[in-house]
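Please open the model in your viewer and keep the selection tool at hand. The stops below are meant to be visited in order.

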Amino acid sequence: MIRIQDLSYRYPEGGFRLLLPELDVARGEAVALIGPSGSGKTTLLRLISGILLPEAGRIHVGDQDVSSLSESERRAFRVAGIGLVFQEFELVEYLSILDNVLLPFRLHGRLRLRDADRERAAGTLQDLSLGDKMDRRPAHLSQGERQRVAIARALVTEAPLILADEPTGNLDPQTKGQVVELLRTKAGEAGATLLMVTHDHALLDLFGRVLEFGEEEGATTLVDREGAQ
Amino acid sequence: MESLYLAWRYLVYHRFKTLLLVLSLTLLFFVPVGLRVLVQQTALELQRRAATTPLLVGAKGSSLDLVLSGLYFEGTRPEPLKGAEIERVQDSGLALAIPLHLGFEAQHHPIVGSTVEYLDFRALEIEVGRRFVFLGECVLGAAAAKELGLAPGSTLVSSPQNLFDLAGVYPLEMQVVGVLAPKGTPDDRAIFVDLKTAWVIEGLGHGHQDLSKDDAAAGVLKRKGSQITANASVREFQRITDENRDSFHFHGDRSAFPVTAILALPHDAKSKALLMGRFQSKDETSQIVVPSKILDQLMGTVFTVQDYIVAAVVLVGLSTLATAFLVFLLSWRLRRGEIETMVRIGASKGRIRALLLWELAFVLSLSVLLAAVLLLLTASQGGALLRHLLLT
C-alpha cells in the first residue's frame, strides 16, 4: 500500500532532517507511529498525504507516486485516497455534524455528493452512536463525540488509507481506548490501511505494527517492531 | 453550488453579525440614492402644483408661508386678508378670484373654506355624492374620506382650536355631501366647505332659536320694537339643518371678514402683469406672489442642503465600506484554522476563494436588495412624508 524509498526531507527553517531509506506498509495494516516530539511522525504523515513534498526520494501510495504529482493532482489524491483525522478534530463550527462528515464531498469537485453518500454518512454516524446528533453543531458535543465525527469524516469517502495524527491527544484515558478501537475496527472493516501517530504507549497493544521514531546526529532513526496483535 | 451552500451555512450560523453587516451596507447604498430620489420627487410634486397656480394674494409677510398654506394647506398660517380683497381682485376685471379660508381642522384634516370654483380650478371631480351647496355642507378629499371612514350622509365635527378656551370657537357639525376622486395632491386630505361655512366655524356667523317665538321667551332679556336682546340661555345651533339653516346669520361687515389667501387666475399674460403691478405700491398691505418662483427658491435651498448631506453621507459610507471590508478581512483571518483544515482535506485555493466570495456576494446582494426595496418605498411614500416634514 505504502512504499517509501530514500526519502529525505529538511524543514524549511533548517535543523532537523527526516531520512527514511525504506518503509513498506501493506494494505489493511494498522500501524502506530511513536517517538518523541519533533522526531518526524507528523511530517511523515504530511509527506504521505502530499501536503509536503520531499527533498528527495519516492513515496508510492497504491499505484500513485505522490512525490511526482502536481499540486492539484495531490489534492485530488488526498480527497479520494486518504482519510485524515487530526488531534484537534478540526470540525467546522457552523456546519451540522452530518455536514461536517460530508465536507470532503463539498470541498472537491471530483467527489460528487449523491444521495448514496448522504446515506453512507448517516449510516457511519449511526455506527459511531451519533445517529441522534446529526443535526447538532460540534460545539454541542463532548470531546470524544467530536473525535468520532472526525473519524466518520475520514471514513466516509471510503479511502483506502487513513492517516490519524494523535487523534487521542485531547481525550480522557477511557475515551482514548474506545476511539482507537473504533478507528481500528472501522478501518479494518473497510479494508483500509491505518497509520496513527500517538504518544500513548498504552494504545500500542491495539496495533499490529509499531514504528518508533528516534533521532541520531540530526537525522531520523526508525525502529520497526511488531505490536501486540 | 457546494461553495454556495457552505457560504450560506456560515452566514446563517453567524446571523447577527451578518444582519449587522447587511443593515450597515443597506443604509450605505440606500441613503444617498434614497435622499436624492426623495428630494427630487418632492420637488417635482411641489413644483407641479405651484406651476398650475398662477398667482396668490395674501397679507404682507412671509411669501413662503402664504404659498405653503395656500397650495398645500400646511405650514404656518399667514396673517389673514380682509374679504374686501376678493372683490378687489374680482372687480379689477383682470382675474378670477377664488378665496381660501384655512386654519381649522376636523380630526387632523384641514378644513378649506372656498367656493365651488376651487373644485373646477383644481379639476376635482366628485366620485360619490355632490358638491357643497348649502351652509354647513362639506365635501371630503378621497384620502380624508378613507381615513375618517366617512361617506355622503355622515356628519363630521370641526375640531375646536383650543380645548381649554371656553370663550373660543364652538365646533360645528358638518354634513358630508360628497367625496372627491383621488388626485394624489394635498386636496385628497382636505375637507372642503363653502367660505361662509368656514366663517361660521370661526364664530363670525351663527344660528339660534327664533326669539320672536313663544318657546324662546325665557331667553329674551329685553324687547324694544323689533329689536330683541337675548340672554345667555338662548340655544345656539351646533349643526346646520334644513330646519334651522335660515336662522344662521352673520354680524358685522362681511368685507372685513378674514380669508387666508386668494387664488388669482388672470385671463392672460397681460392681465397677470397688470394685476401684479397693482399690488406693488409702498403702502400696500397685501402681497401678490407667483407660487412657482417662491417654490424654486425653497427647492434651491433644499437642493443645496441635500448636496451637503449627500457629500457627508458618501464620506460616512466610504468609512462604513472600509469597516465592512475590515470585518471580512479579520473574519477570514480568524478562520485561518478552518481554511487550513479545508485545504488539508482537499479544497483548492479556488474553492476557498469561491466560498469566501459567495459570503461576500450574499451580504452585498441582500444589502442591495433591501436598499432597492427601501428605494421603492421611498419613491411611493417618501414624497408625502418629506412634504409633510418640509411644510410643518
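Predicted model: local features only at pLDDT ≥ 70, side-chain atom pairs only at ≥ 80, totals over all residues.

Residues are numbered from 1 along each chain as its sequence is written, chains are lettered from A and ligands numbered from 1 in the order in which they are written, and side-chain values use heavy atoms, with hydrogens and water left out.

Select chain A, where you will find seven helices and 10 strands (DSSP runs numbered from the N terminus, helices being H or I of at least four residues and strands E of at least two). Its radius of gyration is 17 Å, close to the 17 Å that the globule rule gives for 229 residues, so chain A is as compact as a globular protein of that length (the radius is taken over C-alpha atoms, and the rule is 2.2 Å times the number of residues to the power 0.38). The C-alpha trace of chain A spans about 50 × 40 × 30 Å along its principal axes. Of the 229 residues in chain A, 56% are buried (under 20% relative accessible area, with exposed over 50% and partly exposed in between, using a 1.4 Å probe and protein chains only).

Next, select A:Tyr94 and B:Tyr10, whose ring centres lie 5.0 Å apart with planes at 85°, so the pair is edge-to-face (rings of Phe, Tyr and Trp, the last by its six-membered ring, pair if their centres lie within 6.5 Å, and planes under 30 degrees apart count as stacked, over 60 as edge-to-face and the rest as tilted). This pair crosses between chains, from A:Tyr94 in the loop between β6 (82-85) and α3 (97-101) of chain A to B:Tyr10 in helix α1 (residues 2-13) of chain B. A:Tyr94 is buried at 0% relative accessibility, and B:Tyr10 is buried at 5%.

Finally, select B:Phe73, B:Tyr118 and B:Phe192, which form one aromatic cluster.
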